[in-house]
Structures are given as C-alpha cells and as structure tokens.
Amino acid sequence: LCREAEFMKLKMPTKRVYEVKQSTGVMEKISSLVSKVLEPLHPHVEEHQPKNIKHLSHTFSREKQHLAESNDRKLLYEEWANYSVFYKYQPIGLVRKYFGEKIGLYFAWLGLYTQMLIPASLVGVIVFLYGCATVDDNIPSMEICHPRNNITMCPLCDRVCSYWKLSTACGTARASHLFDNPATVFFSIFMALWAAMFMEHWKRRQMRLNYEWDLTGFEDEEDHPRAEYEFRVMQKSLSKDQKSQHKVITCTFTNLDVVEKLNYQDRLPAYMTNIVMMLLMIGVTFAIVFGVILYRISTKAALHMSSNPTTRNHVQLTVKTTAAIINLVVILILDEVYGAVARWLTVLEVPKTDKSFEERLIFKTFILKFFNAFTPIIYIAFFRGRLVGRPGSYLYVFESYRMEECAHGGCLMELCIQLSITMLGKQLIQNNLFEIGIPKLKKLIRYIRSKQGAFQEEERQKKLQRYEADHFLEPFAGLTPEYMEMSQCNT
C-alpha cells in the first residue's frame with residue numbers, strides 16, 4: 001500500500017513534529033562530555049526504564065531527528081542553494097540525504113559537467129582570441145577587402161535584386177574568420193577528446209558514489225511493475241477468462257506477471273501509433289523549416305523592392321534576424337507539444353516498470369526535440385548554398401521561388417546568428433523564465449491572496465509546520481526535463 005501510494009502521489013500525514021530548544025554555552029559542553037564519559041557504564045539502561053521514561057526517550061529521539069533534518073535543510077540553503085557560493089564544491093552527501101539518491105546522482109553529474117566545462121571554455125576563448133589576432137593576415141579576407149579586386153557578383157534574387165560588388169562582403173568575411181580559422185580544427189579535435197574524457201570521468205565518479213551510497217543492485221531490488229501495467233494484465237486475464245467461460249477467476253496483483261503478461265501482439269497497435277506519430281511530428285518540423293525558407297526568400301525580395309535605401313542596405317541582417325527569431329518561437333512552442341506527445345505515446349506502450357517508462361520517454365523526447373532544435377541549424381550549415389544551381393540554370397521552388405544562396409562572406413555568420421539566438425533565447429526564455437520567473441510569480445500571487453484572505457486563514461498559515469507548508473509547493477516534475485535540457489546543450 002505504501003508503494004502504490006508513492007506511485008499515485010498520495011500525500012498523507014505520517015509524523016508529528018516536536019520542537020526542542022537545545023541549551024547553548026558551557027553547560028551544553030559539560031553535559032555532552034559527562035554523557036560521553038558515562039555512556040559505557042550503562043549501555044542497556046533503556047531496557048529497565050519504565051514505560052513513561054521509554055516514551056520520553058523515543059519522543060526525544062524523534063525531536064533530535066527532526067532537528068537534524070531542519071539543520072540539514074538550513075545548511076543546504078546557506079551552502080548550496082545560494083548564488084554567493086557558486087565557486088564551492090557541492091555537499092553531495094547532504095543532497096543525497098535530503099532529496100534521495102536519484103537527485104543526488106543528478107547533481108553530482110551536473111557538478112562534474114560544470115567543472116569539466118572550465119577547460120573547454122578556456123580553450124574556446126583562446127581559439128577566438130587567435131582568430132582576432134590573425135584576422136588581418138587572413139588571405140581570403142584580404143582578397144575580398146582589397147580595393148583593386150572590385151569584382152561584380154550576380155544578383156542574389158530574380159528581377160528585384162541588382163548586381164553587387166564583392167568588396168561589400170569585407171566585414172562579413174572578416175567576422176567569419178573569428179569563428180572559422182585554422183585553430184577551430186584543433187578545437188574540434190579537443191572537444192572530441194573532451195567528450196570521451198568526460199564520459200570516462202563520470203563513469204568513475206558514478207561507480208564511486210554507488211559504492212559509497214550502497215547502491216549496488218538497487219535497481220534490481222526496487223524494479224516493481226507499474227500500476228498501469230498490472231491493470232492492463234488484469235484486463236487481459238479477465239477477457240481470456242470470459243472467452244473461456246470460466247466462472248472462477250483467480251488472479252491477484254502478486255502473481256499477475258507470472259500468470260499473464262503483455263506480449264508483442266498486445267503492444268502492436270501502440271507501436272504502430274508511435275511510428276506514425278513520430279514520422280508525423282518529424283514531418284511537421286521539416287514543413288516548418290521549409291516555411292521559414294519561403295519566408296526568407298519572399299521577405300528578401302520584398303525588402304529589395306522598398307524605396308527606403310536604409311531598408312535595402314540592411315536586407316540580409318533583417319532577414320537573418322527575423323528568421324532566427326521565428327525559428328526560436330517555433331522551437332519553444334513545439335518543445336512543449338513534443339514533450340506532451342512523447343509522454344502520451346509512452347503511456348500507450350504500457351511499459352512494465354518505471355525504469356522502462358523513463359527510458360522510452362527519454363528516447364522519444366530526445367528524437368523529437370533533436371529534430372525540432374537542430375533541423376534549421378543543420379540546413380544552414382550543410383545544405384544552404386549547395387542547392388542553388390548556377391547562373392542561367394537556377395533551382396526554383398514552386399516555379400517562382402528561387403532557392404536562397406549564402407549571404408555575403410558565406411553562411412557561417414548566419415549560422416552563428418541562428419545558434420546565438422536559439423541557445424540564448426532558450427536559456428533566457430525557456431529555462432530562466434519558465435523555471436525561475438513563473439514560480440516566483442506564482443509565489444507572489446499566493447502571497448497577495450493570503451494578504452487578502454480572512455484573518456483566520458492567515459493565522460492558520462502562520463501555525464503550519466515546515467512539512468505542512470511544503471505540502472502546498474509545486475509538484476516535482478521529475479529529472480527527465482533536466483536531463484533533456486543538458487542533452488540538448490551537449491549536442
């Protein structure tokens with residue numbers, strides 16, 4: 001019953017809290033010293049105590065346990081959940097003691113990941129500074145920016161676009177060298193080795209924590225069937241009994257997985273639904289990317305037809321920035337939609353255990369969100385500018401939209417703009433606003449409502465114990481969203 005209550009998120013009062021005030025100063029030290037000295041003389045004194053003395057001793061032990069929990073919470077708040085101690089190592093032992101092993105392992109992984117990012121960021125800064133130092137010696141930039149090489153280039157679009165000079169791409173070419181120089185090859189090799197080193201380092205850290213926290217074989221012992229799976233098995237068993245016209249039904253929750261289980265035929269409709277929905281969602285992503293391509297082509301032609309010279313001079317920047325913002329908004333919306341779709345598809349499969357449920361949910365969510373977040377970036381990096389054609393034989397879409405070419409100086413600057421707006425936008429909007437701003441707003445609304453409530457309600461809120469106040473907090477959504485956020489950053 002306790003296990004099923006935990007699965008169903010039932011919150012029940014399980015303990016009472018007793019407040020105890022400890023003495024401080026010299027008397028406390030003297031009493032603790034005397035108790036330690038006299039402790040070997042009466043190790044079993046509790047057995048001969050009266051019932052009321054035993055009850056007081058048990059009550060004091062509960063008070064001491066509650067005091068230790070409150071002290072752990074206060075210590076975590078001061079030494080861990082505080083921006084001023086970001087440079088300190090995490091108290092992983094206290095995190096595991098207060099939140100459990102699963103959350104403790106997550107924060108251990110997150111701390112190691114943050115620590116390993118320090119050398120990667122330093123090498124990245126050095127590569128960027130090398131690009132700044134050698135920008136004047138870059139031969140392609142020098143040839144583009146040279147005033148004598150006044151090369152005339154073909155129009156970037158039909159009818160409304162005019163011929164342009166290659167020297168106008170001087171600034172873009174110089175800026176591209178900051179991110180694409182010979183040192184970036186070394187940085188790519190370094191990051192590949194860094195990823196392998198990080199994985200091996202985490203495996204070693206995880207095995208050490210498993211040994212220290214006694215987690216060896218923990219998953220095998222705690223891997224219980226889910227209630228939904230047991231219900232489906234019971235339905236299958238009942239339907240078979242009805243078909244065989246047996247009046248006596250003997251099946252219990254303890255032997256359901258022995259008597260009957262869900263096979264491939266039972267899950268075949270769910271698997272087919274998963275395949276169709278996954279392909280449909282990926283198709284939606286490609287359709288949106290194609291729509292953004294058409295938006296860039298049509299907007300570029302419309303801005304070139306403008307009578308304002310300032311608008312015509314900043315066509316490329318306007319189109320690139322607005323397209324990146326549209327991609328960001330679409331990614332944020334589809335992230336929520338794909339997360340709900342992935343959970344719905346996983347529920348249809350009826351996995352047997354919670355571990356299997358999380359693994360399938362993570363796989364589906366990662367696939368959908370990967371295509372959602374990185375399809376525009378992959379198109380700009382590998383396909384844009386290569387599906388254009390040549391002068392006199394350009395490639396058209398719908399017989400009127402000519403495929404777009406790379407901007408002046410190549411597609412790398414547009415790729416940097418797309419990555420910057422997408423990554424920074426997701427961090428500022430999706431992570432900071434949704435994870436920090438909205439909870440603080442809800443807390444402010446609850447505070448305002450409590451001020452507007454009756455006096456009895458305020459008095460009742462004041463008398464709530466800590467565990468009773470925690471009952472009204474927002475429910476914990478699990479670690480899957482956190483791991484998905486980190487996996488997208490790693491990719």
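Ile438 belongs to helix H16, which covers residues 412–452; helices here are DSSP runs of H or I with at least four residues, numbered from the N terminus. This is a predicted model, in which local features need pLDDT of at least 70 and side-chain atom pairs count only at pLDDT 80 or more, while totals for chains, interfaces and linings use all residues. Residues are numbered from 1 along each chain as its sequence is written, and side-chain values use heavy atoms, with hydrogens and water left out.

With a relative accessible area of 32%, Ile438 is partly exposed. That label lies between buried (under 20% relative accessible area) and exposed (over 50%), computed with a 1.4 Å probe and protein chains only. Ile438 is part of a nonpolar patch on the surface, together with Leu424, Leu428, Ile429, Leu433 and Phe434. The accessible area of these residues together is about 520 Å², by the Shrake-Rupley method with a 1.4 Å probe, where only the protein chains shown count as cover for residues. Patches are made of residues with over 30% relative accessible area and no salt bridge; nonpolar side chains (Val, Leu, Ile, Met, Phe, Trp, Tyr) are joined within 5 Å, and like charges within 9 Å.

The whole structure holds 10 salt bridges, each being a side-chain nitrogen of Lys or Arg within 4 Å of a carboxyl oxygen of Asp or Glu. One of them joins Arg96 and Glu101, at 3.2 Å from N to O. Glu101 is partly exposed at 24% relative accessibility, and Arg96 is partly exposed at 26%.

Another salt bridge links Arg208 with Glu212, also with an N to O distance of 3.2 Å. Both residues sit in helix H8 (residues 182–212), 4 residues apart, or about one turn of the helix. Arg208 counts as exposed, with 54% relative accessibility, whereas Glu212 is partly exposed at 45%.

## A buried salt bridge and a network

In the salt bridge between Glu349 and Lys364, the closest N and O atoms are 2.9 Å apart. Glu349 is in helix H14 (residues 315–349) and Lys364 in helix H15 (residues 354–383), so the pair ties together parts that are 15 residues apart in sequence. Lys364 is buried, at 6% relative accessible area, and Glu349 is buried at 5%.

How values were computed. Helices (H or I, at least four residues) and strands (E, at least two) are DSSP runs, numbered from the N terminus.
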